[in-house]
Amino acid sequence: MPELEYSVQLTFREQWLDERLRFNDFGGRLKYLTLTEANRVWMPDLFFSNEKEGHFHNIIMPNVYIRIFPNGSVLYSIRISLTLSCPMNLKLYPLDRQICSLRMASYGWTTNDLVFLWKEGDPVQVVKNLHLPRFTLEKFLTDYCNSKTNTGEYSCLKVDLLFKREFSYYLIQIYIPCCMLVIVSWVSFWLDQSAVPARVSLGVTTLLTMATQTSGINASLPPVSYTKAIDVWTGVCLTFVFGALLEFALVNYASRSDMHSDNIKKQFSTGEIEHSSSIDPSSELLEPDGSANFAMKPLVRHPEDSMSMDKLQQCEIHVKPRKKNCCRSWLSKFPTRSKRIDVISRIFFPIVFAFFNLAYWSTYLFREEEGDE
């Protein structure tokens, strides 16, 4: 049903009473007369109002017959194939239910001349071994749909067919492969930071595969102006795959920053060693005349020094020791920022994806159809 339509093959029967066709049954020996040409008797001008295409079956002989009973009752039966329009609501696709109608109305005769009525007792019969590839026919309802126009009121009959989409096909073909692609994109978090070709190729491959999967799904559906349930799923999965690729870009930038800071620390430590080795240790102990000089600390403190020490002790008393944070202590095991980003991503991405799955399935599986559209 990608074109908002459905096809049906049916045996259509209608029966009416024409007193002009009464005849003698010779004591019950003649049950009915059979005709194969419909133009020999009067027939209702019935048509299918939501028909798009249709044809009769003429192999080997035309699949049509007309039976005339002794009391003037006429039974008309014909086998036809129809393609009917079905305005679907795809907001919950592929977790949706669709109602498609079959409408039969009079084209030229108003209700003053012709009225269609459903036959009492099982007016619609469905074959027991009916098998649809992606749908299940849950039930059908018969009703009347008389229409009023400028030329009068016309009689109309309709059958509402309630179809439920088979979800197992879409679970295997769409949902599970998308989950697998998202999980494969997380493998990049466990690869070494220096494995740039492997991580880039993995991210780009999963992103292109996910984009191809999304375009293939949309190609099999009619273009609609609203967002479908499958659009939400593929869009979020594509975002997760793209986020994994961006995470590697952030890791690569952080690793280059770590290398730059390490080089600065090495240069700074090397400069301190060279500066300390160039100082003569005996220069601080000798006076210009060669006599030894030792710097002695005063034995008596000045009042200013005692005040500053008291303030320092008060500050030390009021400062509370910091509590150890479990997350910080755990992240401190990884010395570089790039490694910390990878470790956080290993936990953050699966948790967020699990919450999305919980929200998605709870929203669409238990959501009622709006007005049974």
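The model is predicted, so local features are reported only at pLDDT of at least 70 and side-chain atom pairs only at pLDDT 80 or more, while totals for chains, interfaces and linings use all residues. Residues are numbered from 1 along each chain as its sequence is written, and side-chain values use heavy atoms, with hydrogens and water left out.

Strand E6 covers residues 73–85. Helices (H or I, at least four residues) and strands (E, at least two) are DSSP runs, numbered from the N terminus. Because eleven of its 13 residues are buried, E6 is largely enclosed by the rest of the structure; buried means under 20% relative accessible area, with a 1.4 Å probe and protein chains only.

Strand E1 (residues 5–17) runs antiparallel to E6 over 13 bridges, and Trp16 has Val74 as its bridge partner in E6. Strand E5 (residues 64–68) makes five bridges with E6 in the antiparallel sense, and the bridge partner of Tyr65 is Ser77. Four residues lie between E5 and E6 in their hairpin, where Gly72 takes a positive phi near 95°.

Residues 167–191 are 76% helix and 0% strand, with end C-alpha atoms 36 Å apart. Residues 232–255 are 100% helix and 0% strand, and their end C-alpha atoms are 34 Å apart.

Terms used. Buried means under 20% relative accessible area, exposed over 50%, partly exposed in between (1.4 Å probe, protein chains only). Two strands pair if DSSP finds at least two bridges between them.
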